[in-house]
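Thanks for coming, everyone. Please look at the picture first, then follow along.

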Amino acid sequence: MKRDTLAKLGLALMVMLIAVSMIVYPEPSFQAAERGLSIWWSIVLPALLPFFIAAEMLMELGVVHFMGVLAEPLMRPVFNVPGTGSFTFAMGVASGYPLGAALSARLKDSKLATKTEAERLMCFCNTSDPLFMTGAVAVGMFKRPDLTGIIMGAHYLSALVVGVLLRFWRRNDPPSQPIPTGSGFIVTRAYRAMRKAQRESPKTFGEALGDSVKRSVNTLLAILGFMVLFSVVFELLKMAGIASAISRGLSAIVPEAILPPALHDALVSGIFELTIGTATAASAQAPLVVKVAVCSAIIAWSGLSVHAQVAAVIQPSGMSVLPYSLARFF
C-alpha cells in the first residue's frame, strides 16, 4: 500500500512539473503540440482510419472466424495462439501501430482468445506499417529505395522470432478453445464458422458500420492525445537538458566503435518518438550501415508514444502493456 501511494505521489508531482513547464515555456510547448497534431492529421488519420474501420467490419462480418479456422493448424503449434490471430497479424502488418494491439484486445473481448494469448499476439502483431518503412524512412529520409528490403526484412523477421519465442511464455495457462466447426474439408468448415458468426450477430449492416466508425474514431482520438502529449514532453526534456544528459550517458557506456556519438541524439529521440528518432538518425553524419541499424532499432522499439497508445487501447480489456514493452526492447 505504501509503495502504491508513493508511486501515485511521484506521478502527481511529475504531472505538476510538466504543467508548470508548459506555463513557463508556452511557445515551445505550443509548437511541439502543433507538430504532433500535424503528424496525426496528415499521416496517422488518413493511414489508419480506413484500416480501423475495415478491421472492425471484417470482425463483425465473421471473416475473423473464417481465417481462424483456416490458420488454426499453423498459429497454434508455431505461436501458441488461436487461428484468429492470423487476422490480427495480417491487419497489423498492413496498417501499422497500434492496430495489432487494438485487434488483440478485441479478440479477447470477443472471447476468441485468452488474456495470455492476446498479450502474446500484440507483442508480435503490432508492427510498423510498410508505407512508413518504405516511403518515409527508406525513400523520404535516406533517399535510398534499395534499403527497403533490408529495413522491412529486419523488422518483420524479428517480430516473427519474438512471436515464436513467446509461445513458451506462460505456456501452462489454459488455452482458448478452437472454433467449433464439425467435420469436413477445412475451407468448408471455415465458411461454416463464418456463416454461424454472421447469423449470431444481432446487428444489421448499418449498425455494424456505425459502431465500427465510432469505435475507430474514438481510438484514433486517444492516439492523437498521446502523440501531442509526448511531443510536448520530449520538447520540454530537450529544453531542460535531460535529453542531452541521456546522450552523454550513452557516450560513457557505449563504445564509439559500436555507436558513433553522432547517433546518440537520434537514439534518445527514438526512445520517446518514432518519427523524430528515425529522421534524426537518417540525417546524422555516420556510416550508412550504423544509421540503418539504429533506424531499425527505433522502428522496432516504436517509441514511448506508441507504448502509451498501446496501453490506451488494451486497458479496457484488462491486458498489461509490460509484455509488449519487454518484447519491443528485445
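One term before we start: a residue is buried under 20% relative accessible area, exposed over 50%, and partly exposed in between, with a 1.4 Å probe and protein chains only. Now the background. This is a predicted model, where local features need pLDDT of at least 70, side-chain atom pairs count only at pLDDT 80 or more, and totals for chains, interfaces and linings use all residues. Residues are numbered from 1 along each chain as its sequence is written, and side-chain values use heavy atoms, with hydrogens and water left out.

First stop: the aromatic rings. A pair of rings is described by the distance of the centres and the angle of the planes. Rings of Phe, Tyr and Trp (its six-membered ring) pair if their centres lie within 6.5 Å; planes under 30 degrees apart are stacked, over 60 edge-to-face, and the rest tilted. How many aromatic pairs does the structure hold? It holds 2. Phe79 and Phe124 are stacked, at 4.8 Å centre to centre with 20° between the planes. They are 45 residues apart, with Phe79 in helix 3 and Phe124 in helix 6 (residues 115-125). Helices here are DSSP runs (H or I, at least four residues), numbered from the N terminus. Phe79 is buried, at 8% relative accessible area. Phe124 is buried too, at 1%.

The other pair is Phe89 with Phe124. This one is tilted: 6.0 Å centre to centre, 35° between the planes. Phe89 sits in helix 4 (residues 85-95), 35 residues from Phe124. Phe89 is partly exposed, because its relative accessible area is 23%. Put together, the ring pairs link Phe79, Phe89 and Phe124 into a cluster.

Stay with helix 4. It is mostly covered: 8 of its 11 residues are buried. Among them are Phe87, Met91 and Val93. What covers the buried residues of helix 4? The cover includes helix 2 (26-60), helix 3, helix 5 (99-109), helix 6, helix 7 (130-141) and helix 8 (148-165). Just after helix 4, Gly96 takes a positive phi of about 95°.

Next stop: helix packing. Two packed helices are described by the angle between their axes and the distance between the axes. Axes are lines fitted to C-alpha atoms, for helices over the stretch in contact, and angles run from 0 to 180 degrees between N-to-C directions. Helix 3 (residues 63-79) and helix 9 (residues 186-200) pack at about 150°, with axes 7 Å apart. That makes helix 3 roughly antiparallel to helix 9, a label for angles over 145 degrees. Contact means heavy atoms within 4.5 Å.

Two loops now. Lys111 lies in the loop between helix 5 and helix 6. Its phi is near 60°, a positive value in a residue other than glycine. Lys111 is exposed, at 73% relative accessibility. Lys143 lies in the loop between helix 7 and helix 8. Its phi is also near 60° and positive. Lys143 is exposed, at 62%.

Last stop: Glu235, in helix 10 (residues 205-240). Is Glu235 buried or exposed? It counts as buried, because its relative accessibility is 16%. Leaving aside neighbours within four places in sequence, Glu235 is in contact with Pro28, Ala32 and Arg35.

Conventions. Angles under 35 degrees count as roughly parallel, over 145 as roughly antiparallel, 65 to 115 as roughly perpendicular and the rest as oblique.
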